[in-house]
Every structure is written in structure tokens, then in C-alpha cells.
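Below is a short report on a two-chain model, arranged by chain and then by the contact between the chains. The sequence and structure come before the text.

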Amino acid sequence: MRLDTTYTVNTPEGIALELSPAGPVPRTLAWLVDLMIRAGISLLIIIVLAFMGNLGLGLAMIFIFLLEWFYPVWFELRYQGQTPGKRLLNIYVAQLDASPISPAASVVRNLLRVVDFLPFFYGFGLASTLISKRFQRLGDLAANTVVLHKSLPVLNQRDLSASPEPAPLILSLPEQQALILFAQREATLTPERQQELALFTENLVKNKTDPAAYLRSLASWLIGKQA
Amino acid sequence: MKQSIFVQMNESLWHQLEAWLDFQDLSRKERSKRQAEQPSLDFPETYRHICHHLALAQSRMYSPLLIERLNQLVVRGHNRLYSSRLHFWHRLVEFFLRELPRLVRQERKVVYLAASLFFGSFFSMMLAIQIQPELVYSVIDGEQVAAMELMYDPKNTSRFGREREADSDVLMFGFYIRNNTGIGFQTFAGGLIFGLGTLFFLLYNGLVIGAVAGHLTEIGYIQTFWSFVAGHSAFELTAIVLSGAAGLKLAEALVMPGRKSRRLALLDNSRIAVQIVYAAATLFLMAAFIEAFWSSQAIIPPVVKYVVGLSLWALVLFYFVRVGREQRV
């Protein structure tokens, strides 16, 4: 059974793209950020235009109407699926197949936000994100869109520095991959944790004084480093 | 092939594509600010190469970090290659001169249903009040009825006796846009709760508007009321009906999905419904404009207002019935 929430999309080039939908928590935070920005802008508009009397109030009402309904649409279409809040949380809206969101889809998902908001504070929306496979709220289901994590820039592809050492036994491909990944993640793990993880390989590191370093040497050999 | 050799051989191509994609992401302003030159690159071909690299990296089980890096490049390239080009103005003209009236005719079932719900409740309320005048208090409370009477009182010259200042016209314009269009959008969205929201807004608005019209007619404020609403009625009432039709289209997908799954039916129907919503929003905007800048002008004689109002109804009907049909040979 799959535990993570990623899913794959097959492109016309025969490539499987891996995508990771964003759950309710980052989305709520992004929404709160956007809410504050919108409130700020509305306040500013009212303060500035109030000096112009009824004319200003009329204009202010038009602006606030646009902010209420079309603020997300504008940003999603203009800035690769990201409102300022989503940009801060590093998530973006896209069609289910990861292509950029279409104008019609953006309008649909944002007008239907009203229903997601029912019966109070995004009750239906939350229920829908939890039930649906890809964290889609009702508006997303109708518009065929999904909110995805924008992957962080990949960790630096540091060259493995350990001197290569041939493996003493035949390793399967997933095992090789695990060793290379272990070596590349050196900087993100504490030395103790590295040793602890290395010991899980049991037979491979039997009688080694520094299991982690030994595994790194194996990894260097696996990626084809010359001694 | 070992991973390090693979990286060595192809890395320059990845950097080229990265640079090209970075350039495409810049806005026009930033480009001129940084004086960036478009890197020369055969994008589709490079993209296919990199798809190939990703496939190789996956099947050879290279480091997940390398695969992830290529995956990201491919996602960015995919988005760039398959983003749709917009011919905005052409599409706009095409939409309003052909597609929209055709779509409304094609979806006439939901349009008729929405219209009969709305106008049905409107006319029955209006007629019922001619027979039972106190019925008005069943949908509108007494204070509001009194305010309304004051507003349309023929003896009251504060509003209709003289010109309203131009700036309060703008105020009302903003108010009508925000209020009416908002109600329209909610009527549409209410379709997603199995049509209950749409049903409520159509009937409720029909009853209230019917009560207002019925009551003011019954107490004899005929000229002030009807000449005021004549101008924008065509656009506004049609817009309400179309919002309702769009909502019912959503509801149809959930209540009677036919042989599709509910999910698929909802996707298909929402694509249609959103176009009807565009039409409703446009009509709301035009109605707000007329209501603020034309209907409120007391200087225009009522006869002119009635004639204009009727012509606008004729125009709306003509648009939805005739426009966009191919010429018969």
C-alpha cells in the first residue's frame, strides 16, 4: 500500500512526472496570507478613495468586488498558478496533469470557493480535501485542478569525495540507489545518525570500523568514480 | 553507463535548457532591465532529449537526486511546451458573436427551467399581491416596505424630482456591480450543493422582486417604479436566469449524471456552466451601468424609458435566439 501522496502523470513523451499535491495545512496558511493582503489592499483603497466622496466610494466598491472574486484568478493566470500566499508557501495550482491552469478552470475553482466555504469556514472544502485522493476541494474537482508542492531546488549535486572501493557482493539496483542516495545526503544527517543508518546494512558493514565512510566509498565506486 | 560519465556528457545541455527556461520565466520588464538576450536553443528538440535522459536515468536507477533534478527540468519544460497560446481578442469576439448564443440555445433545458422558476415565482407573487395586498409582508418586513414606498412615492421629489449628482451615480454603479454580480455568482455556485443553493436564490429573488413590483403597482406608484426599472430589467433579469441556468447545469451533473461518473459529469458540465457565467457577469455589468446612469435620470420622460426598456428586451431575445446561426443557403 502506498503511504505517500504523490502521483504520476504520463506525458506524451512517455515520461512519468512525479507530482506531490499540497494538503490542507499549507493551503490554509497560504489562504490566510492572501486574506491579509486582500484586507490590506481593501483598506488602502477605501482610505485613499474616501477623499473623493461618493465617486471614490463607487470606485472603491468596484475594486473590492474585483478583489473579492478575481484576486486569485488574476494571480493564478499571471504568475504560474501562484497567488502571493501560495508563493510564500511554495505551492501552485495546476491542471491535474500538471499543465498550467487554464483561464476557465481558474474562474470555476475560484467562483465555487463560496460552496467550499459552507457551512462555515471551509467545512465542505476541508471534507472534500480529506476525502479526495489528491487533496482537491470541491472547486478543484469541478475545474480539474490540483494544488501542488513546487519542489525545492535539488540539493547540491555534490561530487562524492570518498575514494571508490568495489562492493564485495552483488547489489540489486534499488540497493545501489539507496547507497548512492545515502552518500549524497551526507550533509543533511548528523554523524551519529549516519552510523546508525549504515548499521542497518548488517552484513555489508560487518567488521568495519567506520560503516558510514565505507558505504560512501561503495557509493563512489557505484557511480563510476575512478580511483 | 555509470552515473558520473552520464552527468559529464550531458550536463551542459541541462544547463542550456535551464538558462532558456529561466529566460522565458522573466517578465518583459525584467528582460529589458537585465538586458538579457534570448539564449538560442531548439527548445522542442532539447526538451525531447532531456525527456530521454530522464527515462534513461530512471531505468538505470541512477541516484534519486539526479532523477529528481531531471524530473524538475522536464516538468518545467512540459509546462512551457504545452501552455496554450491565447489569441485573446479573437477568442473574445468569437465567443460573444457565435459561441455564447449557440451554447445558450444548446442548453435551453436548464435555461427554461431557471427562467420558469424565477419568473414563475416573480409573476405569481406579483399577481397574488393584487388580490391579497398584505402578502407583501410575508417576504419583506414592514420597515423595508415603508422605505421602499418612500423611495418611489410620486409626491416625493428628493430622488426623482431633480437630477442626482453624477458622483452618486458612480457610487450606485459600484454598489450594483458588487451586490448584484455577487448574488449571481452565488446562484451559480449554489448548484454544487445538488442545486439547492441555486433553487433557493432563484425562488427567493423571484419572490422578493415580485413582491416589490406587486406592492408598488397595487398602491399606484406605477409610473415611478416601472419607468425606473424598465431600462435595466432586460439585462438584469436575464443575468439572474443565466446564473441560475449555470448553477442548474452543475446540479444536473450531480443529480442526473447519466452514464458518466458524477466526477466526470461535473468536469464536463462545469466547462459549459462557466461560459454561461461569463454571459451572466457581462449582463450584470451592463445592467449596473444602465441602472446607475440611465434609469436614475429623472429628466428623461417615462415614455422614452419604456420604449428603450422594451427595445432592450427585444435585443436580448434577438441575441439569444438569432445570433450565431449559420445563413441558410
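## Chain A: burial, fold and extent

Of the 227 residues in chain A, 32% are buried. The model is a predicted one, and chain A averages a pLDDT of 84, with 94% of the residues scoring at least 70. Within chain A, confidence is lowest in S2(A), where the mean is 80, and highest in helix H3 (residues 84-89) of chain A, which reaches 92.

The secondary structure of chain A consists of 10 helices and four strands, and the order of these elements from the N terminus on is β-β-α-α-α-β-α-α-α-α-β-α-α-α. Chain A is more spread out than a compact globule, because its radius of gyration of 25 Å is well over the 17 Å that the globule rule gives for 227 residues. The C-alpha trace of chain A spans about 85 × 35 × 35 Å along its principal axes. Among the contacts in chain A between residues at least 6 apart in sequence, those that join residues at least 24 apart make up 59%.

Ser163(A) lies in the loop that runs between strand S4 (145-149) and H8 of chain A.

Chain B has 14 helices and zero strands. The radius of gyration of chain B is 29 Å, whereas a compact globule of 329 residues would have one near 20 Å, and the C-alpha trace of chain B spans about 90 × 55 × 50 Å along its principal axes. Buried residues account for 38% of the 329 residues of chain B. Of the contacts in chain B with a separation of 6 or more, 80% are between residues 24 or more positions apart.

The domain assignment of chain B places domain 1 at 3-82 and domain 2 at 89-322, with 52 Å between the C-alpha centres of the two. Helix H1 of chain B, residues 3-25, has a kink of about 50 degrees centred on Asn10(B). Gln3(B), Val7(B), Leu17(B) and Trp20(B) are the buried residues of H1(B), and these residues pack against helix H3 (43-59) and helix H4 (64-82) of chain B.

## Contact between the chains

How many residues of chain A are in contact with chain B? There are 48 residues of chain A in contact with 48 residues of chain B. On the side of chain A that touches chain B, at least two residues each are supplied by strand S2 (16-19), helix H2 (53-78), helix H4 (103-111), helix H5 (113-117), helix H7 (138-143) and helix H8 (173-184) of chain A. H2(A) gives the most to this side, with 12 residues. By residue class, the side of chain A that touches chain B divides into 31 nonpolar, 14 polar and three charged residues.

Key
Residues numbered from 1 in each chain as written. Chains lettered and ligands numbered in written order. Predicted model: local features only at pLDDT ≥ 70, side-chain atom pairs only at ≥ 80, totals over all residues. Contact = placed C-beta atoms within 7 Å. Nonpolar A, V, L, I, M, F, W, Y, C, P; charged D, E, K, R; others polar. Bend = angle between axes of the 7 residues up to and from the residue. Buried ≥ 20, exposed ≤ 12 C-beta atoms within 10 Å, placed from the backbone. Domains from an automatic or database assignment. pLDDT = per-residue confidence, 0-100. Rg over C-alpha atoms; globule rule 2.2 N^0.38 Å.
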